[in-house]
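Hi everyone, thanks for making time.

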Amino acid sequence: MTTNAAWTERYTGALMNTFGPPKTVLVRGEGAHVWDADGREYVDLLGGIAVNALGHGHPRLVAAVTEQLQTLGHISNFFASGPQITLAERLGGLLQAERIEPVETRVFFTNSGAEANEAAFKLTRRTGRTKIVATEGSFHGRTMGALALTSKLAYREPFEPLPGDVVFVPYGDAAALEAAVDRDTAAILVEPVQGEAGVIVPPRDYLPTAQRIAHENGALLWLDEIQTGVGRTGTWFAHQNPALVDAPVTPDIVTLAKGLAGGIPIGACLATHGAGKLFDPGNHGTTFGGNPVAAAAALAVLDAIAEEDLLAHASAQGARLRAAAAADSRVVETRGEGLLVGLTLAEPRAAEVVTAAQDAGFLLNAATPERVRMAPPLNLADADLDAFAAAWPAILDHAIDSAGVTS
Ligand SMILES: Cc1ncc(COP(=O)(O)O)c(C=O)c1O
């Protein structure tokens, strides 16, 4: 049997060093549980960073992928497939769900979040305007276009010059948007909750106000729901969640990826009304995007979320998880909605907490030095949640000098 150590040594010799050393080498997953090469079991409370919506090896997802691969695995986009068309229709229906007026949606499928944002970025150029108003703390991906929309200097600077005419304003600040958006603005781009920045929730009137400002200036409202979409916050899209918005929001563009196909690579750029018709033939393309296997996987995920009542489950489990974590006074604040969970620590020890949690058999992530993030499967079982709740105080004991914090 190849051990963690042996795999890690081979990893270092074979892969580019973009992610730093792996935290462990995983070999198997089932439900919310994964096992590493040394045979250690973990409860996966990160879910591939908000990707494994149904956990690992969900029978419905496995069956859908297997059956589709046996039937028709890949075609080029010179041809169409039933799963691709059905998935586009289903996503359009989910966007329509909360709207009174009929909305026409058009979809472009990709293989990742960054590519979905690239497609959307190019779409906005077809308005004849080039300026994008994005937000500080934003994360939209690592390709050159998506990186131009991402604010973090450490990610941007080594690769400049990036595509220009992107303005960053403080997140959650409607007055700053008002001041920055003008008749040259092609789109306002925001995450309904900032994920990578540390699960930052804006005021409930932020998205409705952003929409008003966009429309007053003839600009598009583009929501990056790559991390927040597909049930993550307890509604299909975060912009439909009454806990996050105080009035209906009807974005012109929504980008999706991560949880959409439960772990099979996929992304989608959804555009409504006129925005859905901005591309002409030849304006954009992809070899794999809309691949029948990925589309079938996404349909299985959407079916499972609907039929297993996972939106309500994610809301309830998210509330329980926050309450359990916050029961310890070394957590000074909880953030997020549904199963996108941020825990602010009294001290900047998130990295130590993540290590202590892994030692105790739980996979978490340090979004920022003081904030721990969790994005577990939407079908997270009570037993796994209870196990985490029981282990949490000891994890904090190991990671934090409790005397220093409570004094
Ligand atoms: C909000 C948001 N947008 C875009 C991306 C990029 O997605 P991908 O890593 O699939 O390219 C991410 C990934 O974390 C994200 O959270």
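Let me start with charge: between domain 1 and domain 2 there is one salt bridge. It pairs the side chains of E196 and R373, at 2.6 Å from N to O. Please keep in mind that this is a predicted model.

Which parts of the chain am I calling domains? The domain assignment gives 4-57 plus 309-402 as domain 1, and 72-307 as domain 2. In the contact, 26 residues come from domain 1 and 30 residues from domain 2. As for spacing, the C-alpha centres of the two domains are 26 Å apart.

Now, how much area do domain 1 and domain 2 bury between them? The value is about 2100 Å², and 60% of it falls on carbon and sulfur atoms. On the domain 1 side, the residues losing the most area to domain 2 are L311, E337 and L340, which together make up 29% of what that side buries.

Back to the polar side of things: eleven residue pairs are in polar contact between the two domains, counting pairs with both residues at pLDDT 80 or more.

So which elements of domain 1 touch domain 2? Those giving two or more residues include the helices α2 (47-50) and α11 (310-326), along with the strands β11 (331-337), β12 (340-345), β14 (365-368) and β15 (371-374). The most comes from α11, with four residues. By type, this side of domain 1 splits into 15 nonpolar, six polar and five charged residues.

That's my tour; happy to discuss!

Conventions:
Residues numbered from 1 in each chain as written. Predicted model: local features only at pLDDT ≥ 70, side-chain atom pairs only at ≥ 80, totals over all residues. Heavy atoms only, no water. Domains from an automatic or database assignment. Contact = heavy atoms within 4.5 Å. Buried area = accessible area lost by both parts, 1.4 Å probe. Salt bridge = Lys/Arg side-chain N within 4 Å of Asp/Glu carboxyl O. Polar contact = N/O pair within 3.5 Å; in protein donor to acceptor, adjacent residues only side chain to side chain. Nonpolar A, V, L, I, M, F, W, Y, C, P; charged D, E, K, R; others polar.
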